[in-house]
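Q: I'm new to reading protein models. Could you walk me through this one, feature by feature?

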Amino acid sequence: LPAGCTSLSLTRCENVDVWAALGSSLKALRLDNCNVGNDGLTRILSGCPELASLQLPNNRALQVPVVLAMMPPLRSLDILCCEDSSAPQDVGAIVAAFPRLEELALHLGGDCSTLTRLQKSLRRLCVRLSDELTAAELATRVLPRLLSLQRLDVIVPRERDVAVAEHRFRGLAPSVVVRCCGDVQATASKGMWKVGTMCDWLGLGDALRTE
């Protein structure tokens, strides 16, 4: 990367060299549908100490490493994948690694109670749900405790599940949007969240300028 580059966004670059995308000055990185795996994620986290926004949508079923010597001060993380083979991600490891997240997108499954540790910081949450128990826990035990949440995006497996989810999550955040996996995959090339909009909202506008 050029010296002083603070943001990078690539889409559908399946042979991207993760090492070449790293830089100590990076504050915002988006690699959408770029075949990034867990090794690549670990390299990004260890090689970008100033990173505040990391968007890796539509890649593999990424898992945040439990232990790294240093973690960047992420405020926004998107590791959501809607492929059928994508397994739920460890929300406990994510919250432990990034305790000040303001935006988070992931495939949620199993115990999601650790999300409540983000109750003062989390402003936007996007979750893919694939089982009833997780959906019920999220609605009854977790969301009522996320005091700063402004927007909730829920992704359900099938179109016929949308109406049920809309009823379940209605009123649990100021803004609630429910979609099915098929709709998300159809618009995957456009990305979940645009880097520019997100960084401006988080007060990271400078991260989009290359000096």
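This is a predicted model: local features need pLDDT of at least 70, side-chain atom pairs count only at pLDDT 80 or more; totals for chains, interfaces and linings use all residues.

Q: What holds strands together in general, and which residue stands opposite Glu103 in strand 6?

A: Strands of a sheet pair through backbone hydrogen bonds, and they can be parallel or antiparallel. Here, Glu103 has Arg124 of strand 6 opposite.

Q: How many strands does the open sheet have, and in what order?

A: There are eight strands in the open sheet, in the order 1-2-3-4-5-6-7-8, and the pairing is parallel. Strand 1 (7-11) and strand 8 (175-180) are at the edges with a single partner strand each, so one side of each has no neighbour in the sheet. On average, neighbouring strands are turned by 10 degrees against each other, direction ignored.

Q: Which helix lies across strand 5 and strand 6?

A: That's helix 3, and it runs at about 155 degrees to strand 6.

Q: How do I look for pockets, and what volume does the largest pocket have?

A: Rolling a probe the size of a water molecule over the atoms shows where empty space is left. In this model, the largest pocket has a volume of about 190 Å³. It is lined by 13 residues, and the closest to its centre are Glu132, Ala135, Val156, Asp161 and Arg168.

Q: Which helices each supply at least two residues of that lining, and what classes of residue does the lining have?

A: Helix 3 (132-142) and helix 4 (162-169) each supply at least two. Helix 4 gives the most, with four residues. Sorted by class, the lining has seven nonpolar, five charged and one polar.

Q: What about salt bridges: how many does the structure hold?

A: Side chains of opposite charge can pair when their charged atoms come close. The structure holds nine salt bridges. One of them joins Arg75 and Glu102, with the closest N and O atoms 3.2 Å apart. This pair links distant parts of the chain, 27 residues apart: Arg75 is in the loop between strand 3 (53-55) and strand 4 (76-78), while Glu102 is in the loop between helix 2 (91-97) and strand 5.

Q: Last one, backbone angles: is phi of Asn33 positive or negative?

A: Most residues other than glycine have a negative phi. Asn33, though, has a positive phi, near 55 degrees. Its place is in the loop between strand 2 (28-32) and helix 1 (38-47). Asn35 is found in the loop between strand 2 and helix 1, and its phi is positive too, at about 60 degrees.

Conventions: Residues are numbered from 1 along each chain as its sequence is written. Side-chain values use heavy atoms; hydrogens and water are left out. On a 1 Å grid over the protein atoms alone, a cavity is a set of points where a 1.4 Å probe fits but cannot get out, and a pocket is an open set with protein on both sides within 12 Å along at least five of seven lines; lining residues have an atom within 4 Å of a point. Grid points are joined across faces, edges and corners, and a volume is the space filled by probe spheres set on the points. Ala, Val, Leu, Ile, Met, Phe, Trp, Tyr, Cys and Pro count as nonpolar, Asp, Glu, Lys and Arg as charged, and the others, Gly among them, as polar. Two strands pair if DSSP finds at least two bridges between them. Axes are lines fitted to C-alpha atoms, for helices over the stretch in contact, and angles run from 0 to 180 degrees between N-to-C directions. Contact means heavy atoms within 4.5 Å. A salt bridge is a side-chain nitrogen of Lys or Arg within 4 Å of a carboxyl oxygen of Asp or Glu.
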